[in-house]
Amino acid sequence: MRISVLVMDGLFDSGLATVLDVLQMANELREELPHPPPRWELTRVSGRGAVRTASGHVIEAQAAGDGPRPDLLIVPGAGPKQPAPLLEWVAAPEREPEREALRRARGEGVPLAAACTSTFLLAEAGVLDGVAATTSWWLAPAFRQAYPHVTLDESHMLVHAPGVTTAGAAMAHLDLALALVRQASPALADLTARYLVVDDRPTQAGYAIPSHLARTDPTVSAFESWVRAHLDQPLRMAEAARAVGASERTLQRAVDKVLGVSPLRFAQTIRLEQAAHLLRTTDLPTETVARRVGYENASTLTTLLRQRLGTTPGHLRNRTAPAGA
């Protein structure tokens, strides 16, 4: 399988290295399987020859479009890590060769895969219009506002859509590379993950910081503060809206525009964040934790933790248990 890796000035060294290391390890381990998949042939391509990484390393690359048509084009994360400079970076005239390479690949039916900030480059090139995608959780509000034609779900670590696979924040390059291996051979992906000591991480939700997401809009920020001050009480939307100086409809629109969810869903995220913190850092019974974050019983909290964060109270407690405990 021929894979082209699109490299750019300012790319994340760890992102590129992770993708290359996972695929190269899979190549080395494939012979341990009774029916190994074909090898991956990796080629670095760019819009303008050699590039310099964010850490200053020079990466040699051939021109995108030269050579045989690849079976897959991967785009590791690159560019600024904050919303405003990132949006300027992906839209800059200097990025046109990369945007054109993506449009050309999409037009030729070449599957695309991108992680972290490079999901913005795919969206800017127009290849994500009408497609489901994910991105780095802290960049989701800016992504959602800049690219309304993309169906964004930042809670997922990976989102597969026809012809496009996207991954979340920087270390999701690992999940992306393993997913590409899994498409060829689930057995080889599991073997590679074992060698790399990698656990399954289906969601980014447990890593997101609600207060960071909320601060991009004053109404949403005020609602987030109100929810935190009333965690152990039933959520009354009319009361919350009055407290932040907005109508219920205005509050609904503000939260949906910034976060892509309802106020109730966002409040639930805040409650689960606090519950996870208490479970990790205290010996409070799960029933007590549930009541402190506004749920009537432990079973409701356990169900929501499993559904939303992919975890359980027991797992959260065990993560901080001392060695040998």
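Predicted model: local features only at pLDDT ≥ 70, side-chain atom pairs only at ≥ 80, totals over all residues.
Close-up 1. Leaving aside its neighbours within four places in sequence, S185 makes contact with L33 and P37. The residue belongs to the loop that lies between α6 (172-184) and α7 (186-196). S185 has a relative accessible area of 8%, and it is counted as buried because this value falls under 20%.

**Close-up 2. A177 within helix α6.** With a relative accessible area of 1%, A177 is buried. When residues up to four places away in sequence are not counted, A177 touches V19, V22 and L23. G15 is 162 residues away from A177 along the chain, and the C-alpha atoms of the two residues are separated by 10.0 Å.

**Close-up 3. The buried residues of helix α7 and what they pack against.** In α7 the buried residues are L188, A189, L191, T192 and A193, and they pack against α1 (13-29) and against α6. The helix is followed by V197, a residue with a positive phi, near 55 degrees.

**Close-up 4. Packing of helix α2 (residues 83-91) with helix α4 (residues 118-125).** The axes of these two helices are 9 Å apart, and the helices pack at an angle of about 50 degrees, which means that α2 is oblique to α4. The crossing in which α2 passes α4 is right-handed. On the α2 side the contact is made by L86, L87, V90 and A91, and on the α4 side by F120, L121 and E124. Sorted by class, the residues of this contact comprise 6 nonpolar and 1 charged, with no polar residue.

Close-up 5. Just after α4 comes G126, which takes a positive phi of about 90 degrees.

**Close-up 6. Crossing of helix α9 (residues 218-229) and helix α11 (residues 248-259).** The axes of α9 and α11 come within 9 Å and cross at roughly 100 degrees, so the two helices are roughly perpendicular to each other. T219, V220 and F223 of α9 meet L251, A254, V255, V258 and L259 of α11. By class, the residues of the contact between α9 and α11 divide into 7 nonpolar and 1 polar, and there are no charged residues among them.

Close-up 7. The residues of α12 that are buried are P263, F266, A267, Q268, I270, R271, L272, A275, A276, L278 and L279.

Note on methods: Residues numbered from 1 in each chain as written. Heavy atoms only, no water. Axes fitted to C-alpha atoms, helices over the stretch in contact; angles between N-to-C directions. Helix = DSSP H or I, 4+ residues; strand = E, 2+ residues; numbered from the N terminus. Parallel < 35°, antiparallel > 145°, perpendicular 65-115°, else oblique. Left-handed = near helix turned anticlockwise from the far one by under 90°. Contact = heavy atoms within 4.5 Å. Nonpolar A, V, L, I, M, F, W, Y, C, P; charged D, E, K, R; others polar. Buried < 20%, exposed > 50% of the residue type's maximum accessible area, 1.4 Å probe, protein only.
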